[in-house]
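Here are my notes on the model, point by point. Please read them with the structure open.

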Amino acid sequence: MHEYTITALEPQKNSKRRYNLYLDGEFKCGITEDSVAVFRLKAGQTLTESKLREIMDTTETQIAFDKCLNLLGKSMKTTKQIKEYLQQKGFGDRVSQNVINKLKEYKYIDDQAYAVAFVSQFKTCKGAFRIRQELMLKGIKKEIIDEALSDIDENEKVENAFNLAKKAVKGKQIDQKQLIKVNRHLLSRGFDFETVNVVLNRLKTENGFSDDEKE
């Protein structure tokens, strides 16, 4: 098995936490300060092919992990979103999985917590069907979505839809044309037909509208 000799470890000018690794007199790659410490690297040390690969994987994992922390500092992400982000940045499957495992271990990504937070944020302006679709696109599993949506009871669902309906017709006369618009609006927001019908009937009752009235 081929072995390499570390001929130099030089701090990078633009990053105090990164080092340039030279093997057999030639530049090999940049590695992190953590990798230098973990593997106790120093000039004159010999490395096997497998050990060099392990060092490079560790370095890539740390770099990818740090990038993900910066991303997560802006907003919560799902496992799927993190995986796609790492792919876009050019990290391989092995490194990506190492990073995802590490992020899960430290609870930096948690699909269940994400789903609960998403439902809490959008339940007043989106119906369960719309929320379910959006969470599925973000890679959340069906059982996790079901559990998160189960916290919305029927009364809350109707109230949320009714509040949206009131905003849609504010200052306008309730007639058949407006009711059709409200129906389309609520359905487009992902509310189910039963909830929409309850809201429309409530609008009619509160505004003294009769189905016999003409536009």
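1. Element order. From the N terminus on, the elements run β-β-β-α-β-α-α-α-α-α-α-α-α-α. That gives 10 helices and four strands in the chain. Bear in mind that this is a predicted model.

2. Overall dimensions. The radius of gyration of the chain is 28 Å, whereas a compact globule of 215 residues would have one near 17 Å. The C-alpha trace spans about 95 × 30 × 20 Å along its principal axes.

3. Burial and surface. What share of the 215 residues counts as buried? The figure is 36%. The accessible surface of the chain comes to about 13400 Å². Carbon and sulfur atoms hold 47% of that surface.

4. Contacts. Take the contacts between residues at least 6 apart in sequence. Of these, 56% join residues at least 24 apart.

5. Strand 2 (residues 18-23) pairs with strand 3 (residues 26-32). The sense is antiparallel, and the pairing runs over six bridges. Tyr-19 stands opposite Ile-31 in strand 3. Two residues lie between the two strands of this hairpin. Asp-24 is in the turn and has a positive phi of about 50°.

6. Other positive phi values. Most residues other than glycine have a negative phi. Arg-40 has a positive value, near 50°. Arg-40 lies in the loop between helix 1 (33-38) and strand 4 (46-48). Arg-40 counts as exposed, at 70% relative accessibility. Lys-107 also has a positive phi, near 65°. The loop between helix 4 and helix 5 holds Lys-107. At a relative accessible area of 61%, Lys-107 is exposed.

7. Nonpolar patch. Which residues make the nonpolar surface patch of about 300 Å²? They are Leu-69, Tyr-106 and Tyr-108. Tyr-108 sits in the loop between helix 4 (93-105) and helix 5 (111-122), the loop that also holds Lys-107.

8. Salt bridges, total. The count comes to 14 salt bridges.

9. Glu-156 and Lys-123. These two form a salt bridge, with the closest N and O atoms 2.8 Å apart. Glu-156 lies in helix 8 (residues 154-169), and Lys-123 lies in the loop between helix 5 and helix 6 (128-137), so the pair ties together parts that are 33 residues apart in sequence. Glu-156 is partly exposed, with a relative accessible area of 22%. Lys-123 is partly exposed as well, with a relative accessible area of 22%.

10. Lys-142 and Asp-146. How far apart are the closest N and O atoms of this salt bridge? The distance is 2.8 Å. Both residues are in helix 7 (residues 142-149). They are separated by about one helical turn, because they are four residues apart in that helix. Lys-142 is exposed, at a relative accessible area of 55%. Asp-146 is partly exposed, at 27%.

11. Glu-159 and Arg-202. Their side chains meet in a salt bridge at 2.7 Å, N to O. Why does this pair tie together parts that are 43 residues apart in sequence? It does so because Glu-159 lies in helix 8 and Arg-202 in helix 10 (residues 193-206). Glu-159 counts as partly exposed, at 34% relative accessibility. Arg-202 counts as partly exposed too, at 27%.

12. A network. Salt bridges with shared partners join Arg-17, Glu-33 and Asp-34 into one network.

13. Points to look at in the view. For helix 8, look at Glu-156 and its partner Lys-123, then at Glu-159 and its partner Arg-202. For the loop between helix 4 and helix 5, look at Lys-107 and at Tyr-108.

Notes: Residues numbered from 1 in each chain as written. Predicted model: local features only at pLDDT ≥ 70, side-chain atom pairs only at ≥ 80, totals over all residues. Heavy atoms only, no water. Patch = residues over 30% accessible without salt bridge, like charges linked within 9 Å, V, L, I, M, F, W, Y side chains within 5 Å. Areas by Shrake-Rupley, 256 points an atom, 1.4 Å probe, with all protein chains shown as cover. Salt bridge = Lys/Arg side-chain N within 4 Å of Asp/Glu carboxyl O. Pairing = 2+ DSSP bridges. Rg over C-alpha atoms; globule rule 2.2 N^0.38 Å. Buried < 20%, exposed > 50% of the residue type's maximum accessible area, 1.4 Å probe, protein only. Contact = heavy atoms within 4.5 Å.
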